[in-house]
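Dear colleague,

I am passing on the structure below, together with notes on what came out of going through it. Please read the notes with the model open beside you.

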Amino acid sequence: MKSTHLSLIAGTVALAAITGFASLNVPEGPAAEETATASSLPVERSSLVCPAPSTSDLAETRYTSFTPPGQETGKGQDEDAKDTAELKPALPVLDDEAETDPEKAEKAEEAAKKARAKADRPVLAVKEPGRPVLAEANGSDAPALVGTATGTLAPGWAAQQTTKVTAGGARGLLGVSCTAPDTDFWFPGASTARSRQDYLHLTNPDAGAAVADIQLFGAKGAVTSEVGDGITVPARSSVALLLSTLTDESVNDLTAHVTTRSGRVGAVLLSADDGSGTDWLTAAADPSGTLVMPGIPADATSVQLVAFAPGENDADVKVQLMGKNTTFAPAGNDTLHIKSGMTATVDLKDITRGEPGSLRLTPVEKNRATPIVAALQVVRGTGAKQEYAYIPATGPVGARASVTDNRAEGSTLSLAAPGATATVKVTTSAGSEGGEAAVETYTVKAGTTMSVTPRPPAGFKGAYALTVETVSGGPVHASRALVLPEDGVQMFTVQTLPDDGGTVVVPSARQDLSVLDD
């Protein structure tokens, strides 16, 4: 029988470029000589989902989307396919019970038909790399979005929804970067306390239903829940679950763990605290022995660290603030012990004291790096004028990362270098309605945080995007804070900038790929 390694490798390369998830186990021995070192290719397909923005009739929501300019991708199998990057409304979740009244059944079918037609019309559609697009929606009817980017619009595709609510229990600025669907999410910082209304939003972008499980962990371990398993998320739909309905226990600080037993979802947590504000909590970086939470505002009045150890071992970590000029341990909180399967919290108070900073967690013993997850809840202001946001642990920007919905004023970019000194390139894109892109280069000293106020592009109109690229040196972790003051309240939200996954590492074929006889 004839066989060739060329077809296997070429097929894997094509699949990886299209999905970003393909991998190949390279053989050892003589067969290994038929493969070369790995190379990177731009992905040819990306997916994003955005949750329903708000239940408030006063909500003002702005959606933005952007693809950074970069290398062209191969066209894959369909050379004539048109490149697209569209976000469309998710389908409403319908009642599973069949309607027995003919008149009501007819009305329900008509409503479903209209919803399907609406879901086929894009809310946002990127036309070209390098220029963001913008759309607005007001009130509680603003939809969750699902979408796909292909071809040259897929690598680095990013989107954001920003919602401003000026009154009521949900008062605040809510910002969230739309997320790629996945199967495993951690949310340290959740709560089922009576003062909190925490909704977990699960959005399914695919043609088949997804089934998710939710676990909750408090300071004493797992929180009893009989309704957190087997949650069905219908195809191309989004559901929101109030965490306090999953358990009878009222717990101030929790870690929520979301996994899927079938399908995939995008998961984000909407948190609202009576009198304190509201914002989205995105999933923390995967469990790791070392974590970085970049971009604590200089004027933070309260910072709370929430951490969880998901494995079988306890974790002991050093708590350090990377400030403007150096790294130091906060007085009285230089280490933290996290018991296995339990959530630990630390009140770091006004740790930054007038200078921007980033929090770094590292193992006390280098040879005992127990994986953990973590996030910060950050408060600005006091009393009736306070507002809060979350900064989950995040990975480095890597090759490139982007964040959309930057305005004429209010954006602050935080760059933290937890290891060696690093140099990054920051590009402000053209505006959605005009302007020219501009580039700045910054050097971030080892163990410090640099705070940058981006200059909007010349001739700027609408919204612009920020793209950060690592040029040299060690890893850089970044976040963008957006501040929109309202009646004396410094309403703000923070988005982290992990690597955008715009390229995928794939094996290459050597020049000499002979056909082998078995």
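The chain has 518 residues, and buried residues make up 51% of them, where buried means under 20% relative accessible area, exposed over 50% and partly exposed in between, with a 1.4 Å probe and protein chains only. This is a predicted model, in which local features need pLDDT of at least 70 and side-chain atom pairs count only at pLDDT 80 or more, while totals for chains, interfaces and linings use all residues. Residues are numbered from 1 along each chain as its sequence is written, and side-chain values use heavy atoms, with hydrogens and water left out.

**Overall make-up**

The secondary structure comes to 2 helices and 38 strands; helices (H or I, at least four residues) and strands (E, at least two) are DSSP runs numbered from the N terminus. Of the contacts in the chain with a separation of 6 or more, 82% are accounted for by residues 24 or more positions apart, a contact being heavy atoms within 4.5 Å. The chain exposes about 23200 Å², of which carbon and sulfur atoms supply 49%; accessible areas come from the Shrake-Rupley method with a 1.4 Å probe, and for residues only the protein chains shown count as cover.

**Aromatic rings**

A search of the whole structure finds 5 aromatic pairs, where rings of Phe, Tyr and Trp (its six-membered ring) pair if their centres lie within 6.5 Å, and planes under 30 degrees apart count as stacked, over 60 as edge-to-face and the rest as tilted. One of these joins Trp 186 and Phe 308, whose ring centres are 5.5 Å apart and whose planes stand at 35°, so the pair is tilted. Because Trp 186 lies in strand S11 (residues 184-190) and Phe 308 in strand S21 (residues 300-308), this pair ties together parts that are 122 residues apart in sequence. Both partners are buried, Trp 186 with a relative accessible area of 8% and Phe 308 at 1% relative accessibility.

Phe 308 also forms a tilted aromatic pair with Phe 217, at 4.8 Å centre to centre and 35° between the planes. This pair again links distant parts of the chain, with Phe 217 in strand S13 (residues 210-218) and Phe 308 in strand S21, 91 residues apart. Phe 217 counts as buried at 12% relative accessibility, and, not counting residues up to four places away in sequence, the residues it touches include Val 223, Leu 254, His 257, Phe 308 and Thr 343. The C-alpha atoms of Phe 217 and Leu 254 are 5.5 Å apart in space, although the two are 37 residues apart in sequence.

Elsewhere, the charged end of Arg 380 sits over the ring of Phe 492, 5.1 Å from its centre; the criterion is that NZ of Lys or CZ of Arg is within 6 Å of the ring centre and within 35 degrees of the ring normal.

Leaving aside neighbours within four places in sequence, Val 303 is in contact with residues including Val 346, Leu 348, Lys 349 and Val 378. Lys 349 lies in strand S25 (residues 343-349), and its phi is near 50°, a positive value in a residue other than glycine. With neighbours within four places in sequence left aside, Asp 350 is in contact with Ala 300 and Thr 301, while its C-alpha is 4.9 Å from that of Ser 302, 48 residues apart in sequence.

Asp 405 is buried, with a relative accessible area of 1%.

With regards
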